[in-house]
Amino acid sequence: MRLSRGGYLIREGFRSIKTHSFMSFATVTIIMACLIIIGSVALLSVNIDALIKELENQNEVVAFVDDSITEEAAAQAIAAPLEAVENVSSVEFVSRTEAMDNFMGQYDEDLMEGIDETVFRHRFVIHLEDIARMAETKAALEAVPGIARVRAHLEYADTFVTVRNIVSVISLILTVILVFVSIFIMSNTVKLATFGRREEIAIMKMVGANNGFIRLPFVVEGLVLGVLGGGLAFVAEWVLYGVLTGRLMGTLTGSFITLIPFRSMALPVLVFYLGTGVLVGVFGGVNAIRNYLKV
Amino acid sequence: MVRMTDVTKVYDSSGTVALDAVDLVIDEGEFVFLVGPSGSGKTTLMKLITGEVYATSGSVIVNDFDMTKIKRRKLPKVRRTLGVIFQDYRLIENMDVYDNVAFAMRVVGASNKEIRKRVPYVLELVGLEGREKRLPSELSGGEQQRVAIARALVNSPRMIVADEPTGNLDPVRSLELMLLFEKINEMGTTILVVTHEKELVNAFSKRTITIDGGHVISDGMDGYYSYEIE
């Protein structure tokens, strides 16, 4: 293809967007709306997932050191084999003195009269990577020499895992449905936009245009509209997310809930929006004119 | 040049026999009228020439291309040897006169320099000089048809196929258009005009092929229009 011809076809793509401005506007708006809906559901599920993970992390396991080990240094030495246990993400040593201080802080001092630190054991506060494997990790921790007992709330762990699984499945199903519905709506809008152009395509065919010549302006048009739709959806999503999380955080001040800042998810969201916009724009357009090319 | 040998066309969807064992030859440089009532098979015959439909049986040769065996992707090559003109002009509404004509040259990969040289020449030939920047909607029917002729002519086709080109024009404009076709024919281009207009056909002493019920029922060189239009 000559350079002048390629340049002409690219210009034709841009000219067509301007000429069919209403349909171009409709296409960009639909792509934008669909992407915002999909994106919002996806971001919501990412936040819920992060929230559950946060709650899971608060579900700690406590490993009590054997009574016979009274020396703090000897007790601390057990940290290394505990850290080596699979699925352990962090190990924090709490001496019997610290344990007593914590305990006394929670109860009436009168009740603590006559109790000294020897009543308490040295212990480790342990966080796990995956609480679904809490039972087997508990057993592994108990097998570590110097550990007398491990306290773990298995029933809470099971509840969290169940909730997380349900949320994951629901959000996945919802996202998949929305993606299909959106692709259907978006490709139909693109199809509608090209329907009015069938006469133009028939004329091109009759003067001897090959399919590549006819397609290229549609590819350029789809690309531009897709990038516009995806880009605008990204900006709108950023603003929307900022406003909603701002309000939510205002009402949740003091609670343990924290939402993921948009900035940290911006790149994958942008890539997804632009990618989907371009795919729908280009393939939707090319696919829509396929039937008109058969003359 | 068109050579049809024992051509039959049956439409699969309806089972209608549009053409039945048609033999026809149009030589290079001829001026031919194709006449016949609605549903006689004229349009099908035209579509066989332009490659819009394929023959069910028989042989169709158009400008040395075998239209019964040609692949779809090769059709643009045949169409570039033809100039097709329709009753409803089929201009691109949002392109001005110049671009409507230049567009046909861009399709075949002509350079901007070639386009700038050729388009004004063709527009002058059809009497549209000074109308380059007008949109089709700003032109009369006759002028729009001249744009369509300019577009058909611009790539110097071997043959022009015109389907009812005067259907939307008054008698004076129709006559002017036929005179333009005659002028183009004198320059060496083969012309095939499909028409209903008896007076127009009789005003020119040209070969006239009459078709009815899918058969060629007369083929004369004296321009006599023997068929009675309903």
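Me: Let me start with a single residue. How many other C-beta atoms lie within 10 Å of A21(B), and what does that make the residue?

Reply: Happy to start there, with the reminder that this is a predicted model. The idea is to count neighbours: 20 or more make a residue buried, 12 or fewer make it exposed, and the range in between is called partly exposed. A21(B) has 14 such atoms around it, so A21(B) is partly exposed. As for its place in the fold, A21(B) belongs to strand β2 of chain B, residues 17–26. Its phi is near 50 degrees, a positive value in a residue that is not glycine.

Me: Then let me try the neighbour count on Y89(B). Is Y89(B) buried or exposed?

Reply: Y89(B) is buried, because 21 other C-beta atoms lie within 10 Å. Y89(B) also has a positive phi without being glycine, near 65 degrees. Here the setting is a loop of chain B, the one between β6 (82–85) and α3 (97–107).

Me: Now the sheets. Which strands form the open antiparallel sheet of chain B, and in what order?

Reply: The general idea first: strands of a sheet pair through backbone hydrogen bonds, in a parallel or an antiparallel sense. In this sheet, 4 strands follow the order β2-β1-β4-β5 in chain B, with antiparallel pairing. At the edges are β2 and β5 (65–66) of chain B, each of which pairs on one side only.

Me: How many bridges join β1(B) to β4(B), and how many join β4(B) to β5(B)?

Reply: Between β1(B) and β4(B) there are 5 bridges, and R3(B) stands opposite I61(B) of β4(B). Strand β4 of chain B, residues 57–62, is joined to β5(B) by 2 bridges. In β5(B), F65(B) is the residue opposite V62(B). The hairpin of these two strands leaves 2 residues between them, and N63(B) there takes a positive phi near 45 degrees.

Me: Which helix packs on that sheet?

Reply: Helix α1 of chain B, residues 42–50, does, touching β1 (2–10), β2 and β4 of chain B. Its direction makes about 120 degrees with that of β1(B).

Me: What is the strand order in the open sheet with mixed pairing?

Reply: That sheet has 6 strands, ordered β6-β7-β8-β3-β9-β10 in chain B. Its edges are β6 and β10 (215–220), each pairing on one side only. Ignoring direction, neighbouring strands are turned by 15 degrees against each other on average. For a parallel pair, look at β7 (residues 159–163) and β8 (residues 190–194) of chain B, which share 5 bridges. There A162(B) stands opposite V193(B) of β8(B). Helix α5 of chain B, residues 141–153, lies across β6 and β7, at about 165 degrees to β6(B).

Me: Where do the two chains meet, and how many residues of each are in contact?

Reply: An interface can be described by listing the residues on each side. Here 17 residues of chain B are in contact with 15 of chain A. On the chain B side, α2 (75–79) and α3 are the elements giving two or more residues. The largest share, 3 residues, comes from α3(B). By type, that side divides into 6 nonpolar, 5 polar and 6 charged residues.

Me: And the overall view: how many helices and strands do chain A and chain B have?

Reply: Chain A has 10 helices and 4 strands, while chain B has 7 helices and 10 strands. Buried residues make up 28% of the 295 residues of chain A; in chain B, 42% of the 230 residues count as buried. You can also read how contacts span the sequence. Of the contacts in chain A between residues at least 6 apart, 87% join residues at least 24 apart. In chain B, residues 24 or more positions apart account for 66% of the contacts with a separation of 6 or more.

Key:
Residues numbered from 1 in each chain as written. Chains lettered and ligands numbered in written order. Predicted model: local features only at pLDDT ≥ 70, side-chain atom pairs only at ≥ 80, totals over all residues. Contact = placed C-beta atoms within 7 Å. Nonpolar A, V, L, I, M, F, W, Y, C, P; charged D, E, K, R; others polar. Pairing = 2+ DSSP bridges. Axes fitted to C-alpha atoms, helices over the stretch in contact; angles between N-to-C directions.
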